[in-house]
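Trainee: Please walk me through the terms used for this structure. I want each label set against its definition.

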Amino acid sequence: MNRDHFRVLVVDLDTGQSQVEQFDGRDQAIGGSGLAALLFEKYGRKDRPWSHADQPFILAIGPLTGAFPLMSKTVAAFKSPYHDQYTESHAGGRLALALRFAGYDGLVVTGCAPGLSILELGSRHIRIRDAGYLRGMDAYATGKLLRRIHPGGSGHRSILRIGPAGECGLAMACINVDTYRHFGRLGGGTVLGNKNIKGIIIQGDSGFSLPEGSDYQKLFATVYEQVTATNMMQKYHNLGTAANLQVLDDLKALPWRNLQQTSDPETITGVNGETFADKTLLRNGACSGCPVGCIHIGYVREKFHQDNRYFYRQVAYDYEPIFACGTMLGLGNPFEVLGIMDEMEKMGLDAMSGGVALAWATEALEQGLVSVRETGVELRFGDAAGYRQAARMLGTGANDFYTLLGQGTLRAAEAYGGRDFACVLGQEMAGYATGELFFAAQSLGFRHSHLDTGGYSYDQKHAEKDVDRAVQFLLDDEPGRVLLTSMVACLFARSIYTEEMLARCLDVLGYETLAGNLPELGEQIRCHRWRLRFATGFRPEDVTIPKRFYRVQTWKGPVDPAYLDQLRTRYIEALRARVEPD
């Protein structure tokens with residue numbers, strides 16, 4: 001179990017050759033985010049565009065994967081088609097344990113296959129197979145066919161695949177992981193599409209040993225009890241993150257209709273967590289190694305024959321896709337929201353980016369900046385049928401308008417106008433209109449994600465406008481999150497995996513050096529990631545906040561433009577201080 005080095009499989013698609021390499025640096029990089037940065041430092045081409053064939057696609061897991069609950073994430077790292085800078089995306093599913101049981105801490109894929117292909121690997125085999133027959137196939141059908149063509153290993157196998165969006169080069173293309181999880185943001189799907197990889201199948205076909213003696217068993221039982229026998233994870237097991245919809249609407253922090261409103265008390269009851277659970281929920285699922293079961297799976301049903309013949313599909317839902325494909329589009333029916341998410345899933349589109357982009361397109365159409373000639377369908381807030389058609393056109397880049405919109409909402413706004421109401425904070429916004437600190441934090445965050453820091457939480461608890469205190473919160477908060485993503489812990493479990501608990505877990509597995517240096521390592525990895533980001537072209541001064549965000553009403557009242565700008569200025573200074581020499 002305990003290795004003092006990383007064991008990484010490196011695959012060159014140009015030659016079809018692969019090799020297992022050992023990397024030193026466990027005591028500095030830990031795993032996950034830290035390992036991904038270490039591997040990009042070696043294999044990445046900082047001065048070349050994301051589409052250069054030599055650019056790597058990287059997967060990395062952590063030292064506790066397979067040994068403790070909720071160490072269930074995998075970090076994907078690549079140069080993003082969205083902004084051509086180094087980035088990460090995180091996903092659950094069976095992938096982390098499949099890599100662990102295949103015997104690898106990481107996977108690096110370079111080069112470009114000669115034709116559309118499937119990469120299949122396990123502990124003792126690797127194959128690159130022609131997959132031309134999958135060209136243009138949606139992500140659901142691709143997964144179904146791959147399971148039939150490559151039988152065996154069910155439960156120990158992870159299947160990654162892309163949809164049409166990844167094949168046609170959209171910067172919003174995601175990677176579907178085991179049907180219900182995703183590497184969603186910043187264009188990972190197009191990175192694989194550019195490498196001619198339609199899917200990756202990883203067989204966890206080996207094993208590994210756990211520590212003997214009672215110390216490990218006792219500590220595992222302690223963690224497991226906190227996860228399952230306390231109320232610390234109850235929210236995620238019960239309604240799931242969809243519970244946040246009502247909370248944020250009550251707080252006047254839920255974006256509606258392209259952020260023209262932050263609350264709609266009449267409509268929210270149709271799409272809040274309780275309604276989704278009561279009307280649409282079929283079952284719960286869980287990532288491998290997780291006893292919580294936060295994955296909520298609903299259904300869409302469609303009549304295909306007048307004699308009452310129906311088919312149905314299962315669609316996983318969470319807070320963020322409901323916000324992007326629901327409230328941002330003015331919808332108040334859960335089945336209509338799931339229907340749009342279903343189209344996004346099939347296309348292999350990031351649902352958050354796609355939903356926010358369609359919200360902008362709706363307002364652009366209202367204002368006459370674009371016409372139905374561009375959108376191909378009449379888009380109206382609250383009209384689900386139009387959005388389902390638009391999702392298909394966006395996912396396939398059906399015309400010049402959708403091809404450009406699929407590269408990012410701001411790209412379309414630059415061509416057609418409407419930049420002021422483009423809800424973009426580095427990338428299409430997450431669903432938290434909580435206030436100034438969140439807007440500043442997401443626009444400048446490493447992944448432009450609400451999970452880069454807890455700015456959204458700070459906004460909900462602090463009415464005062466203390467710039468020093470707020471920026472210091474962001475600076476203090478980030479290293480702990482980087483530590484967790486380097487362990488590949490689910491961030492829902494951050495209240496359980498405190499720094500002290502992580503040290504105990506590492507120590508019992510024999511990683512004494514890691515256990516004794518966690519605070520320093522979190523800061524070290526934070527700075528390493530930012531240096532890579534800056535080295536690949538990030539200029540925080542170039543990231544702007546559209547005017548729509550300056551007009552938002554929150555529970556504290558109107559957003560204060562001066563306070564928001566001060567936060568951004570100070571945070572930019574703080575980020576630069578971490579990557580530039582004294």
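**Labels and their grounds**

Mentor: This is a predicted model, where local features need pLDDT of at least 70, side-chain atom pairs count only at pLDDT 80 or more, and totals for chains, interfaces and linings use all residues. Residues are numbered from 1 along each chain as its sequence is written, and side-chain values use heavy atoms, with hydrogens and water left out.

Trainee: What makes helix α20 stand out in the lining of the largest cavity?

Mentor: Helix α20 (residues 467-487) gives the most to that lining, with four residues. Helices are DSSP runs of H or I with at least four residues, strands are runs of E with at least two, and both are numbered from the N terminus. A lining residue has an atom within 4 Å of a grid point of the space.

Trainee: Why is a space called a cavity and not a pocket?

Mentor: On a 1 Å grid over the protein atoms alone, a cavity is a set of points where a 1.4 Å probe fits but cannot get out. A pocket is an open set, with protein on both sides within 12 Å along at least five of seven lines. By this rule there are two cavities of 30 Å³ or more.

Trainee: How do you know the volume of the largest cavity?

Mentor: Grid points are joined across faces, edges and corners, and the volume is the space filled by probe spheres set on the points. For the largest cavity that gives about 80 Å³.

Trainee: What classes make up the lining of the largest cavity?

Mentor: Three nonpolar, two polar and five charged residues. Ala, Val, Leu, Ile, Met, Phe, Trp, Tyr, Cys and Pro count as nonpolar; Asp, Glu, Lys and Arg as charged; the others, Gly among them, as polar. So Phe446, Leu451 and Val482 in the lining are nonpolar by that rule.

Trainee: Which residues are closest to the centre of the second largest pocket?

Mentor: That pocket holds about 390 Å³. Of its 20 lining residues, the closest to the centre are His83, Leu410, Gly426, Asp542 and Val543. Helix α17 (residues 409-416) supplies the largest share of the lining, four residues.

Trainee: Why are β2 and β5 at the edges of the sheet?

Mentor: Strands pair if DSSP finds at least two bridges between them. The open sheet has the order β2-β1-β6-β3-β4-β5, with mixed pairing. β2 (17-23) and β5 (86-91) each have a single partner strand, so one side of each is left without a neighbour in the sheet.

Trainee: How do you know that β4 and β5 pair?

Mentor: Six bridges join them, and they run antiparallel.
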